[in-house]
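Have a look at the fold first, and then we'll go through it piece by piece.

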Amino acid sequence: MNTEQPKKELSAIKGTKDILPQEARLWQIAEAAAKEIFELYGYRELRAPVIEPTELFEKGTGASSDIVTKEMYTFTDKGGRSVTLRPEYTPSVVRAIIEHRLDLQPQPLRFYYIGPMFRYDKPQKGRYRQFHQIDIEVFGEKDPAVDAEIVEMAHRLLRQLGVENVTTMVNSVGCKKCRPAYGAELRKAAAAVKDRLCPDCQRKAELNPLRIFDCKIETCREVASNFPKITDFLCAECQEHFQEFLGYLDFYGIPYRVDPTLVRGLDYYTKTAFEIVAEHLGAQNAICGGGRYDDMVREFGGPDLCGIGFAMGLERLLSVAKIEPPKKSFVYFAYLGEEAKKQSIATARYLRSEGIECLVEFKDRGMKAHFSRANKIGADWVLIIGEDELAKGKFQLKDMIDSKQYEGTAEELAKIILLKDKKGIKSREE
Ligand code: HAM
């Protein structure tokens, strides 16, 4: 056997990680909960490819966003086309709607998706280069009630996964009508204090001063806190939308904090923007972010279809979730000889068809070795098949927790296992 450690260059790429079976169980539970909840609200899964044409994100996510300017995994494929590993999901859904004319279906349209996203940012706690999002999008619903409904849906999922101590930050970033006047004021304010901003923000001051609010550098944050606030510039329509949104949040009983500096790092938002942040997560504390983007479909040449959605980061979500994996029991087969081995295979096949997890191992072992193996791997039951059992057509089933032993046919033993499992009285972890 080769016991040499794998060479360093064979480890996972920086900012990516393996999700090993024990952890993957938690992922499965979170993903199943999300799917179940989204379906309850009428969402259906839409799966788009991991790679997309680069221009989809340049145009959709936004040319001045950090994601597009610094963080995209972009390369030229063998056909000479520039492709990008998606950094987010929203533009992909918009593309799919236009491509498949989903807008011709009755609206609103509700979609969800769970999968990997890629951003070439500096890896740190809670920030990965391959990370996973739970994403939902709604199209064709202008009513601010839906803005509140998706926030409520996010909260339902968080509650179900035992996430506590979260704060919901909300804002309105205005629309095409009211933002230009605000942008002009902001540009003026940023120009006046340019020398106090970091080099990156100095560039943003000219390109898109709204992005200065995203900067994590303390001095920039302090300077930005004195900038004019978007909420003072909203047009009547945006103002009314925002107030109604807040009213529905009150109606749902969801506590929130209005943060006029919350502009989100993507260029497409209009009106509602929100983030759900978790305590104790440090700098990367946003577990969910989203908002309205009423212009994106039209800007891609599609119909006039408003949109709103959010994405949750699964890694961050799981780092604050309290998930108890369900207790699943399994049967280990202890057999002696070739005949009994075949009988074990057949019996396991039957038990699995009854929904019982079974493990038949093929290493030649004596009975004692079988039991020590069963103990080591935490088997809840051992099904014993020796010569006597073969002759009788009845097997011994040992409960490894209370050491009780039962005799019966495969059908009789299946009933015992299922009954005990159902009552939830069996588990190594108890
Ligand atoms: P976002 O704020 O860029 O929004 O990302 C949403 C969430 O993804 C974040 O709150 C965070 O939990 C997680 N996330 C983002 N980057 C990373 C990373 N490098 N490592 C780990 N987790 C990360 C969007 O992506 C929008 N598409 C959301 C949206 C949907 N807006 C409308 N519809």
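Which residue lies over the face of Tyr-120? That's Arg-129, at 3.8 Å from the ring centre. For a charge to sit over a ring, NZ of Lys or CZ of Arg has to be within 6 Å of the ring centre and within 35 degrees of the ring normal.

A word on ground rules: this is a predicted model, where local features need pLDDT of at least 70, side-chain atom pairs count only at pLDDT 80 or more, and totals for chains, interfaces and linings use all residues. Residues are numbered from 1 along each chain as its sequence is written, and side-chain values use heavy atoms, with hydrogens and water left out.

**The whole chain**

The chain has 15 helices and 16 strands, which are DSSP runs numbered from the N terminus (helices H or I, at least four residues; strands E, at least two). The C-alpha atoms fill a box of roughly 90 × 55 × 45 Å along the principal axes. The radius of gyration is 28 Å, whereas a compact globule of 430 residues would come in near 22 Å; that value is taken over C-alpha atoms, and the globule rule is 2.2 Å times the number of residues to the power 0.38. Buried residues make up 49% of the 430, where buried means under 20% relative accessible area, exposed over 50%, and partly exposed in between (1.4 Å probe, protein chains only).

**Inside the core**

The largest nonpolar core holds 95 residues, and Phe-38, Phe-139 and Phe-310 touch the most other members. Such a core is a set of buried Ala, Val, Leu, Ile, Met, Phe, Trp, Tyr and Cys residues joined through side-chain atoms within 4.5 Å. Helix H5 (residues 144-160) gives the most to this core, with 8 residues. Apart from it lies another core, of 19 residues, including Val-331 and Phe-333.

Not counting residues up to four places away in sequence, Phe-38 touches Tyr-43, Tyr-112, Ile-134, Ile-136, Met-153, Leu-157 and Phe-310, with contact meaning heavy atoms within 4.5 Å. The structure holds 15 aromatic pairs; rings of Phe, Tyr and Trp (its six-membered ring) pair if their centres lie within 6.5 Å, with planes under 30 degrees apart counted as stacked, over 60 as edge-to-face and the rest as tilted. Phe-38 and Tyr-112 make a tilted pair, 5.6 Å centre to centre with 55° between the planes. This pair links distant parts of the chain, since Phe-38 is in helix H1 (residues 21-40) and Tyr-112 in strand E5 (residues 109-118), 74 residues apart. Both Phe-38 and Tyr-112 are buried. Ring pairs also link Phe-38, Tyr-43, Tyr-112, Phe-274 and Phe-310 into a cluster.

Most residues other than glycine have a negative phi, and most peptide bonds are trans. Here are two residues that go the other way on phi:

Pro-108 is in the loop between helix H4 (90-99) and E5.
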